[in-house]
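This briefing goes through selected local features of one structure, grouped by topic. The sequence and the coordinates are shown first.

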Amino acid sequence: MKPRDTTQDVFPRAESAAAFVLSQTKLRPQIGLVLGSGLGAFADELTKAVRIPYAQIPSFPRSTAIGHAGQLVVGKAGDVPVAVMQGRVHLYEGYSVNEVAFPVRVLGRMGVRAVILTNAAGGINTEYGQGALVMIRDHINLQGQNPLVGANDDRLGPRFPDMSYTYAKRYREIALEEAKKLSIPPREGVYVGLLGPSYETPAEIRYLRTIGADLVGMSTVPEAIAARHMGMNVLAISCVTNMAAGILDQPLAHEEVLDTGRRVMGQFVALLRAVLPRIAKEIAASRE
Ligand code: HPA
């Protein structure tokens, strides 16, 4: 029996989706962003923007989660051209890990060099408060899935990619510096990705703390792996929308997650706006 090949055709499909997106705009973004639950407003403020519903992009998965609009916006944040995924799909919606990673691969084929992944997360580290913005230093993959499973397509990247530097240190330093300037407490942490969609039990949160996690969420890991596989650099920022299960004596509610996202939105957009030109500069310098 041959192994089931879920990566078949990923490269040509990403290639044609990328060509389609680029045919809709004159901009050639080198930075891509993925906006998480309740964090979509950043894309509303871009200038010279074209908005492409995921349904129009060949092979693109469509998101069903509440609070995820589902369009790719190419536009300018200040002077910096960006490609923004306003909404993402999750494993818990029933998408395959390849579908979840597909948009990031499209960004890669569009010529994007740096991806900024954002998400809503539960705070495991009790030094974080609700609404904290945390730069992801590393991750633990407990989703039981990996977008690189199956035959490797060498045009995307190597069979066994290194994950020692999944989240670019330089980008994290930039984000921490810009956070400080904006009076946002500079925080870093380890994100653990779970399948969801049920939130964790208090016992699971105690376990996750023991194994070194500061934040817990249901996204980001497949996208970060696919981005690194393709040689893109990754900055990932979590918004602590709630303290993880069992930390406070109260149940978790999805509404709370969305509300906190909205409340922190202004700070979050300000941080992204400050970080973008500096990352653009880093990309330019790396090409010299
Ligand atoms: N757990 C998992 N994912 C999440 C949480 C959480 O507490 N909050 C936002 N996303």
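**Backbone geometry**

Thr220 sits in the loop that runs between strand 8 and helix 5 (221-229). The model is predicted, and the values below are computed from it.

- Thr220 has a positive phi, near 70°, and is a residue other than glycine.
- Thr220 counts as buried because its relative accessible area is 0%, and buried means under 20%.
- Ser59 also is not a glycine and has a positive phi, of about 70°.
- The loop that holds Ser59 lies between strand 2 (47-53) and strand 3 (71-77).
- With a relative accessible area of 38%, Ser59 is partly exposed, whereas Thr220 is buried.
- The peptide bond between Gly196 and Pro197 is cis, with omega at about 0°.
- Pro197 belongs to the loop between strand 7 (188-194) and helix 4 (202-210).
- As background to these entries, most residues other than glycine have a negative phi, and most peptide bonds are trans.

**Packing of helix 3 and helix 6**

- Helix 3 (residues 169-181) packs with helix 6 (residues 254-286) at an angle of about 145°.
- The axes of helix 3 and helix 6 are 9 Å apart, and the crossing is right-handed.
- On the side of helix 3, the contact is made by Arg170, Tyr171, Ile174, Ala175, Glu177, Glu178, Ala179 and Lys181.
- On the side of helix 6, the contact is made by Leu271, Ala274, Val275, Arg278, Ile279, Glu282 and Ile283.
- By class, the residues of this contact between helix 3 and helix 6 are nine nonpolar and six charged, with no polar ones.

**The largest pocket**

- The largest pocket holds about 350 Å³ of space.
- Its lining has 24 residues, of which Ser37, Tyr92, Tyr199, Met218 and His254 are the closest to the centre of the pocket.
- Strand 5 (114-123), strand 8 (215-217), strand 9 (233-243) and helix 6 each contribute at least two residues to the lining of the largest pocket.
- Strand 5 gives the most to that lining, with four residues.
- The lining of the largest pocket divides into twelve nonpolar, ten polar and two charged residues.

**Ile116 and Leu272**

- Ile116 is part of strand 5 and is buried, with a relative accessible area of 0%.
- Setting aside residues up to four places away in sequence, Ile116 touches Ile31, Gly32, Leu33, Val34, Leu235, Leu272, Leu276 and Ile279.
- One of these residues, Leu235, is 119 residues from Ile116 along the chain, and the two C-alpha atoms are separated by 4.7 Å.
- Leu272 is a residue of helix 6, and its relative accessibility of 1% places Leu272 among buried residues.
- Not counting residues up to four places away in sequence, Leu272 touches Leu33, Leu35, Phe42, Ile116 and Ile237.
- Leu272 and Ala120 are 152 residues apart in sequence, and their C-alpha atoms are 15 Å apart in space.

- Ala226 is located in helix 5 and is buried, with a relative accessible area of 0%.
- Apart from neighbours within four places in sequence, Ala226 is in contact with Ala101, Val104, Arg105 and Pro147.
- Ala226 and Ile124 are 102 residues apart in sequence, with a C-alpha to C-alpha distance of 26 Å.
- Ala151 lies in the loop between strand 6 (133-142) and helix 3.
- Ala151 is partly exposed, with a relative accessible area of 43%, whereas Ala226 is buried.
- Ala151 and Leu27 are separated by 124 residues in sequence and by 33 Å in space, C-alpha to C-alpha.

Terms used:
Residues numbered from 1 in each chain as written. Predicted model: local features only at pLDDT ≥ 70, side-chain atom pairs only at ≥ 80, totals over all residues. Heavy atoms only, no water. Axes fitted to C-alpha atoms, helices over the stretch in contact; angles between N-to-C directions. Left-handed = near helix turned anticlockwise from the far one by under 90°. Contact = heavy atoms within 4.5 Å. Nonpolar A, V, L, I, M, F, W, Y, C, P; charged D, E, K, R; others polar. 1 Å grid on protein atoms, 1.4 Å probe; cavity = no way out; pocket = protein on both sides within 12 Å on 5 of 7 lines; lining within 4 Å. Points joined across faces, edges and corners; volume = space filled by probe spheres on them. Buried < 20%, exposed > 50% of the residue type's maximum accessible area, 1.4 Å probe, protein only.
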